[in-house]
Amino acid sequence: MRRKISYTIVFLFILIPFRNLFSQSYNFENYNVENGLPQSEVNSIYQDARGYLWIATAGGGMCSFDGINFVKYEERNGLAGQIVTCITGDAEGNIWAGTTWGGISKYDGKKFRTFNAEGGLVSNSINCIVYDSNSSSVAAGSMYGISFIKGSTITNVFIKDGDTLPEVRSLFVSGKIIYAGTTKGLYQVSPEGFKKISDPLIDHKMIHSVITDQNNNIWMAVSGTGLVQLKVNGEKHFSVPEFNDLVKDFEITSMYFDKRYGIIMGTNENALFIWDGKKLNHFDQNNGLKASKINCIIRDFSGKIWMG
């Protein structure tokens with residue numbers, strides 16, 4: 001008898017894999033503007049403590065999704081800008097949204113509060129945002145540095161590489177460490193300052209995304225190189241994974257590590273990759289992928305993987 005196992009990975013188009021002993025197939029289901037999504041390009045996704053998804057879009061503001069209905073939030077509601085690049089939440093249940101021209105919006109469920117350059121931010125154009133529970137602050141990366149917001153206090157950190165200020169493209173919190181992927185390599189950052197993590201594989205190169213795996217090893221999506229792994233247990237060691245030749249010609253724009261599925265990699269070139277530790281699975285429009293670019297990947301509380 002053939003034993004059948006099924007499991008689900010969900011996107012803002014949905015990938016539903018089905019496995020049995022002899023074969024594997026995948027189907028995709030898509031959420032789009034016809035379903036209530038305010039704009040077709042999704043930049044970032046966050047799930048709050050209630051299980052609601054908060055979705056940042058490129059022109060339609062942001063929205064919440066309870067699994068059935070989308071609720072939109074735009075500039076006319078108090079949002080800092082229509083193009084929302086990144087989104088996260090804090091320990092008190094507030095939603096934080098970074099925009100391209102208006103700075104950062106904090107939403108407490110009733111009203112918006114704006115943090116911008118006039119009030120002390122490094123820049124009004126925000127690329128990435130995370131919540132750091134260690135410092136109870138929100139960290140926002142921009143073209144010129146990082147702003148840490150705690151209460152009403154803003155602390156700015158300017159990462160310096162020689163005479164230049166690298167643009168911060170991605171932020172990732174792992175334990176007590178915040179990693180910043182920049183246009184000039186990788187840094188550890190905090191409200192107190194920064195520390196460069198140096199190696200020829202990543203120095204002076206753009207890092208699009210940073211994640212850690214179950215062993216706290218760091219994985220970086222590096223422009224022109226592909227994937228770079230930094231093993232941190234014992235002596236630090238940089239390397240490229242065995243499958244890098246298969247992905248390095250694609251621009252990896254987003255990554256997520258899931259204990260069940262492995263390393264999930266989204267690109268801006270009609271491709272999605274999943275490395276399960278033994279095999280690299282590749283998806284494109286020929287086998288069901290419905291997006292030309294994948295900007296973000298998260299796992300919800302039920303174990304489903306959402307991509308935008």
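Tutor: Ser147 stands opposite Asn156 in β15. The model is a predicted one.

Student: Which strands pair there, and over how many bridges?

Tutor: β14, residues 146–150, pairs with β15. The sense is antiparallel, and there are five bridges. Pairing takes at least two bridges. Five bridges pass that cut-off, so β14 and β15 count as paired.

Student: What holds strands of a sheet together in general?

Tutor: Strands of a sheet pair through backbone hydrogen bonds, either parallel or antiparallel.

Student: What is the strand order of the sheet that holds β14?

Tutor: The order is β12-β13-β14-β15. This sheet is open, with antiparallel pairing. β12 (126–132) and β15 are its edge strands, and each pairs on one side only. On average, neighbouring strands here are turned by 20° against each other, direction ignored.

Student: Now the sheet with β4. In what order do its strands run?

Tutor: Four strands lie in the order β4-β5-β6-β7. The sheet is open and its pairing antiparallel.

Student: Why are β4 and β7 said to stand at the edges?

Tutor: β4 (42–47) and β7 (70–73) each have a single partner strand, so one side of each has no neighbour in the sheet. Between neighbouring strands of this sheet the average turn is 20°, direction ignored.

Student: What makes β4 and β5 a pair?

Tutor: Five bridges join β4 to β5, residues 53–57, and the two run antiparallel. The cut-off is at least two bridges, so the pairing stands. Ile45 sits opposite Ile55 of β5.

Student: Why is Leu165 called partly exposed?

Tutor: The relative accessible area of Leu165 is 36%. Buried means under 20% and exposed means over 50%. The value 36% falls in between, so Leu165 is partly exposed. Leu165 belongs to the loop between β15 (153–157) and β16 (168–174).

Student: Which residues make the nonpolar surface patch with Leu165?

Tutor: Met143, Tyr144 and Phe158 make the patch together with Leu165. The patch covers about 360 Å². A patch residue needs over 30% relative accessible area. Leu165, at 36%, therefore passes that cut-off.

Student: Where is His204, and what is it in contact with?

Tutor: His204 is in the loop between β19 (193–197) and β20 (207–212). Neighbours within four places in sequence aside, His204 is in contact with Asp161, Thr183, Lys184 and Gly185. Contact here means heavy atoms within 4.5 Å.

Student: How many residues apart are His204 and Gly185 in sequence?

Tutor: His204 and Gly185 are 19 residues apart in sequence. In space, their C-alpha atoms are 5.2 Å apart.

Conventions:
Residues are numbered from 1 along each chain as its sequence is written. This is a predicted model: local features need pLDDT of at least 70, side-chain atom pairs count only at pLDDT 80 or more; totals for chains, interfaces and linings use all residues. Side-chain values use heavy atoms; hydrogens and water are left out. Patches are made of residues with over 30% relative accessible area and no salt bridge: like charges are joined within 9 Å, nonpolar side chains (Val, Leu, Ile, Met, Phe, Trp, Tyr) within 5 Å. Accessible areas come from the Shrake-Rupley method with a 1.4 Å probe; for residues, only the protein chains shown count as cover. A salt bridge is a side-chain nitrogen of Lys or Arg within 4 Å of a carboxyl oxygen of Asp or Glu. Buried means under 20% relative accessible area, exposed over 50%, partly exposed in between (1.4 Å probe, protein chains only). Axes are lines fitted to C-alpha atoms, for helices over the stretch in contact, and angles run from 0 to 180 degrees between N-to-C directions.
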